[in-house]
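Work through the following exercises with the sequence and the coordinates at hand, and try each task before reading its solution.

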Amino acid sequence: QLTAVLKSTGGAAGVTAKAAKDLATSLMGLTTYDDEAVLSAENLLLTFTNVGSKVFPDATRAILDMSTAMGQDLLTTTLQVGKALQSPVEGVTALQRVGVRLSETQKQQVKDFMAVGDAASAQRLILAELSTEFGGSAAAAASTFGGRMAQLKNAFGEIQESIGNALLPILQELATKLAGWLQAHRDEIQ
């Protein structure tokens, strides 16, 4: 999916597949989200082509924090934050509908940045407010007993994935040979 998103957007964000995977892996160690969930959020965030590589890591962290603090799924939060960063002036209004409050000064600053074509500064202002409101929520959740158990589950999942990936070529070859044997001995089996 990551490769497909990067291809379809022409790599507009300037984020490589390796950078996205590395970020997902590092955030898995700091939060209760596994790397697949983080990567899924990153994939969706990358579809917002105005979100560049300079704000992408902070936007991903903001999504995890906001999702944790608000108790909503990553998809919903990613859409909210992605839309806000894609079109910051309209995004401020959309974020307000879900409880994020920017001051009148901040809203004007966003408009001023956008008026001079400085989307990155407008995006950073929005991310700073998200950090003020929700920053550290995902890490705090990971430091609870339930959070530590979720991280343990994620670690076991990674081990299972590694074992499965190592066995996959063997199982594929076995399946091919078994299918051939069954075809060759179909009459005897029947």
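**Exercise 1: helix H8**

H8 is followed by Gly136, whose phi is positive, near 85 degrees. The model is predicted, so that local features need pLDDT of at least 70 and side-chain atom pairs count only at pLDDT 80 or more, whereas totals for chains, interfaces and linings use all residues. Residues are numbered from 1 along each chain as its sequence is written, and side-chain values use heavy atoms, with hydrogens and water left out.

Task: find which residues of H8 are buried, and what covers them.

Solution. Helices are DSSP runs of H or I with at least four residues, numbered from the N terminus. Taking buried as under 20% relative accessible area, exposed as over 50% and partly exposed as in between (1.4 Å probe, protein chains only), the buried residues of H8 are Ser121, Ala122, Gln123, Leu125, Ile126, Leu127, Glu129, Leu130 and Phe134. Their cover includes helices H4 (56–70), H5 (74–86), H6 (88–97), H7 (104–115) and H9 (137–142).

**Exercise 2: Asp35**

Task: determine which side chain of opposite charge is nearest to Asp35.

Solution. Begin with the location: Asp35 is found in helix H3 (residues 35–46). Lys and Arg count as positive and Asp and Glu as negative, while His and the chain ends are not counted. The nearest side chain of opposite charge is Lys21, 9.5 Å away, and the buried Asp35 has no salt bridge, a term that requires a side-chain nitrogen of Lys or Arg within 4 Å of a carboxyl oxygen of Asp or Glu.

**Exercise 3: Ile163**

Task: decide whether Ile163 is buried, partly exposed or exposed.

Solution. Ile163 lies in helix H10 (residues 145–184), and its relative accessible area of 48% makes Ile163 partly exposed.

Note on methods. Helix = DSSP H or I, 4+ residues; strand = E, 2+ residues; numbered from the N terminus. Contact = heavy atoms within 4.5 Å.
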